[in-house]
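The following paragraphs guide a new reader through selected features of one protein model. Please keep the sequence and the three-dimensional view at hand while reading.

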Amino acid sequence: MSDVCVGKIISISELNVQIMINDEKVKYHDMLYAMNKGKKIQFEVQEEDGRVASCIPFQNVVGLKKGLDVFKEAHGLEIQYSDEILGKVFDSYGGLIDDSHIEEVSKRNVYNRNISLEEINLNGGILWTGIKVLDFFAPMQKGFKMGLLGGAGVGKTVLIKELINNVYKGFNSNSVFVGVGERSREGKELYDEMKDADLLDKMAIVFGQMGENSAARSKAVFAGLTLAEYLRDEKGQDVLLFVDNIYRYVQAISEVNAELSRIPIENGYPANINTAVSNVEERINSTGKGSITSFQAIYIPADDLTDQAVQTITTHLDGQIVLDRKVAEKGLYPAVDVFTTTSKLIDIDKIGERHYHLVEEALRYYSRYQELEEIIAVLGIEELSVSDRNVFYRTRKLRNYFTQPMFVAENYTGIPGEFVNIDDILDDVENILSGKYDEFDENNFLYIGKFNGRKN
């Protein structure tokens, strides 16, 4: 056997295999393995205390026993690093799980890339998605990290698919989807939906499934980052990286730390929670070659936004897109809550005076509309002043205008998808708010692209 023997197993548990090291050197993130009945069981070094290394196993430890020889792999945890990543589904450790195969193996260590300060490009330009409600209320700069909040059934997957579709068409750039603690059923659904929408060959997928151990769930995001870095650094692309769910990564790190008997802080989170999250977030950036723009779904435990893990993640974000069930129930998709959806780009110096003031005015209209709904429920619309009546009807038109037919939903809706330029969005919003479109019925604004003064 070519790999060098570094020691023997002295203790085994589900998430911690301890190894007595001989004279060979091992360090954090080194990949070790033992053979059991012809099967290779791999571990990764998490800490070293004298001559004892504590490692997390990547596979089931059943069959391992004390005294087994342990060997060191030359390259550590790796994943394919070439054009062959597209259209493929990988597990957390870089193995294929979709019955496909790699023609020419070219791998890279998943921890190797640390972006330097000189490489970061803070003026990466705006990433226009062609989705009206996002480009207007939450515009994104290349290299941004956006939170994607919303429960089941509010249209998260359709929005993700549309973003992948539009960015590919607009920038000829590919995407990476990382399922961290993903249910296997949901993973299969996503795979089938991407295939049906003809998007599978435009993206790479990594799944660390819910049924696997904490190691798999904690490593999936690093495998996905490496794939995204290939597209950015080697192909010069503006990549979209979807992480669903970044909270599960923190959860997995917490489980590993508990197994290593590290004292937790509040709510059982590890003391190194900031470092663990930073190790992921700091690799998501725009450079002179390309950019990685990420959308990170965040599970909110017990709906507590002050949770330590949620707070740690959100400090890294540049904005958030919140999908709301109440909006979805009205039949308005994308079901975006405009009050809690935010972006750091909503700044006069970044998006310009016109766009900034239109966002302010639109939110003022939405806010007044909510108050008027309560008044109308009690007194009726006839009791409103002329100006309040204008606010009421114009906001309904605006609300309908921010719905949009999706390219990826054409088969279900029968309505052709629309990509809308930001200049057209600003013109339409301005015309609705100024009263130029008062003569049109609100239904004329439902599920269209730009308005063009058309009547249904």
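Lys161 has a relative accessibility of 5% and therefore counts as buried; the term buried means under 20% relative accessible area, exposed means over 50%, and partly exposed lies in between, with a 1.4 Å probe and protein chains only. Lys161 forms a salt bridge with Glu193, and the closest N and O atoms are 3.8 Å apart. Here a salt bridge is a side-chain nitrogen of Lys or Arg within 4 Å of a carboxyl oxygen of Asp or Glu. Lys161 belongs to helix 2 (residues 156–171) and Glu193 to helix 3 (residues 184–196), so the pair ties together parts that are 32 residues apart in sequence. Glu193, at 28% relative accessibility, is partly exposed. Helices (H or I, at least four residues) and strands (E, at least two) are DSSP runs, numbered from the N terminus.

This is a predicted model, in which local features need pLDDT of at least 70 and side-chain atom pairs count only at pLDDT 80 or more, while totals for chains, interfaces and linings use all residues. Residues are numbered from 1 along each chain as its sequence is written, and side-chain values use heavy atoms, with hydrogens and water left out.

How many salt bridges does the rule give? The count comes to 22. One of them joins Lys450 and Asp424, with 3.9 Å from N to O. This pair links distant parts of the chain, since Asp424 lies in helix 13 (422–434) and Lys450 in the segment after helix 13, 26 residues apart. Lys450 is partly exposed at 34% relative accessible area, and Asp424 is partly exposed at 22%. Salt bridges that share partners also join Lys27, Asp30 and Lys72 into one network. Asp30 is buried, with a relative accessible area of 8%, whereas Lys27 is exposed at 53%.

The description now turns to a strand. In strand 12 (residues 145–149), 5 of the 5 residues are buried. Lys145, Gly147 and Leu149 point one way from the strand, while Met146 and Leu148 point the other way. Two strands pair if DSSP finds at least two bridges between them. Strand 12 runs parallel to strand 16 (residues 291–297), to which 4 bridges join it, and Lys145 stands opposite Ser294 in strand 16. Strand 12 also pairs in the parallel sense with strand 17 (residues 319–322) over 4 bridges; there, Leu148 stands opposite Ile321.
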